[in-house]
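Visitor: I would like to go through this protein with you, one question at a time. Could you begin with how its parts are set apart?

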Amino acid sequence: MINYNDLAKLVMARLEELGNISQSTDYLDRRYLTPEHRQANRLVAGWMGEAGMISWEDQAGNLWGRYECLDPNAPRFILGSHLDTVPNGGKYDGMLGVVAPISLVHILKVTRTPLPFHLDIVGFGDEEGTRFGSTLLGSKALTGRWPDEWAKLKDENGISLPEALKSFGLNFDNVPQASVVDTGVLGYLELHIEQGPVLEKQNLPVGVVSAISGARRFDIAVTGMAGHAGTVPMALRQDALVAASEMVLTVETLAREHNVVATVGKIENKPNGVNVISGRTQLSLDIRSENDAHRDAVLEQIVQSFHQIAARRQVGLVINQTHTASAVQCDHRLQSILKNAISECGIPTHTLPSGAGHDAMAMARLCPVAMLFLRCDRGISHHPAEAIKTDDVAVALATLHSTIKHLAH
Ligand SMILES: [Zn+2]
């Protein structure tokens, strides 16, 4: 009889220990190719060894562990997530998806479960992009897709990515060797905290991700005419801030009506004086959906409304796109295996999209991908208050165990 609860307690204790490895003494901050990255890789590699896995580091600084198949030429199935954090981050985002699968391998070992594939666990060195400003460096290396211009990326201290790799004992020119493109990857499954409040609201420990939303982002400039707050009559104003405010509310209304998430999170107003009518207001817009066509259709409506508001209020409007990413659909077969596994635990299944980006996005270029979300306290993440429950980790372990057994048949 496997005691998932005892194993979950071990996972929690290990996450606590890993969460102490930080380049800051005040909060958790662990970035790519730092001495703390090396320290984290060593600690996790030790746990992999205890679970009977061989471990190694690839040419991009990602940590790997393998529960070997008897046939050395067998394909591989990959479980994993990232070992880096944002500054002042939490100890579960990423790390859970590396540490929990090690306990799964322990179960496979003690139950002497042979697999028809190598079961690999990867701890990506960079997902958050905190050090070099570009995200998913670790998982993108696996796809053999590091663009040459990344040689010019620098961190806040002026250290370039090739220099940082060198100080880690690696070489920028060798990063393509981290590619796993031709190594028979059957699939990639990532366990991750939800980073949102949906599972908690539904009172569910875990949920199956349907797709990772694709985001588009824009800079929007609204230009009016600055003027004296006392002398220009209301009817004769071209108030950029009031026009922008109407636009912000329109974004909320249309997003709610059409079931996408859209956010104006940043606003800059000029001249921003207490007795001056606003002359120019700049807004950000971030819009996401698991369905790109639907997202773009809603965006079209938002843009149309913006133009109507600008025309009615006689203000100028310039909209510039700054970022676009397509949604990634999770594999249907892996999703249904996960749902069966959850049902076997006697838990209702719930499917939800991921509004945040994950390593699985890069991995989708290589193989079928799936994600299992774990409930987190109040949906808080990227914050030291990030918290999960031991009981939920036990459910996740049981779900992963059953999933791997299904995949092995
Ligand atoms: Zn993460």
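Guide: The domain bounds used here come from an automatic or database domain assignment, and the model itself is predicted.

Visitor: How many Å separate the centres of domain 1 and domain 2?
Guide: The assignment gives domain 1 the residues 4-212 + 327-407, and domain 2 the residues 214-325. Taken over the C-alpha atoms, the distance between the centres of these two domains is 38 Å.

Visitor: Which residues of domain 1 lose the most area to domain 2?
Guide: The size of an interface is often expressed as the accessible area that is lost when the parts come together. Between domain 1 and domain 2 about 490 Å² is buried, with 44% of it on carbon and sulfur atoms, and the contact takes 8 residues from domain 1 and 6 residues from domain 2. On the side of domain 1, 63% of what is buried belongs together to the residues that lose the most area, namely Ala327, Pro353 and Gly355.

Visitor: Which strand gives the most residues to the side of domain 1 that touches domain 2?
Guide: Across this interface the rule finds 0 salt bridges, whereas it finds 4 residue pairs in polar contact. The domain 1 side divides into 5 nonpolar residues, 3 polar and no charged. The element that gives the most to this side, with 3 residues, is strand E6 (residues 206-212).

Visitor: Are Arg66 and Asp120 buried or exposed?
Guide: The structure holds 19 salt bridges, and one of them joins Arg66 to Asp120, with the closest N and O atoms 2.7 Å apart. Because Arg66 lies in strand E2 (residues 63-67) and Asp120 in strand E4 (residues 118-124), the pair ties together parts that are 54 residues apart in sequence. As for their accessibility, both Arg66 and Asp120 are buried.

Visitor: Which residues do salt bridges that share partners join into one network with Arg216?
Guide: Arg216 in strand E7 (residues 214-223) and Asp296 in helix H8 (residues 292-313) are 80 residues apart, yet their side chains meet in a salt bridge of 2.9 Å, N to O. Arg216 counts as buried at 18% relative accessibility, and Asp296 is partly exposed at 28%. Through shared partners, the network joins Arg216 with Asp292, Arg295 and Asp296.

Notes. Residues numbered from 1 in each chain as written. Predicted model: local features only at pLDDT ≥ 70, side-chain atom pairs only at ≥ 80, totals over all residues. Heavy atoms only, no water. Contact = heavy atoms within 4.5 Å. Buried area = accessible area lost by both parts, 1.4 Å probe. Salt bridge = Lys/Arg side-chain N within 4 Å of Asp/Glu carboxyl O. Polar contact = N/O pair within 3.5 Å; in protein donor to acceptor, adjacent residues only side chain to side chain. Helix = DSSP H or I, 4+ residues; strand = E, 2+ residues; numbered from the N terminus. Nonpolar A, V, L, I, M, F, W, Y, C, P; charged D, E, K, R; others polar. Buried < 20%, exposed > 50% of the residue type's maximum accessible area, 1.4 Å probe, protein only.
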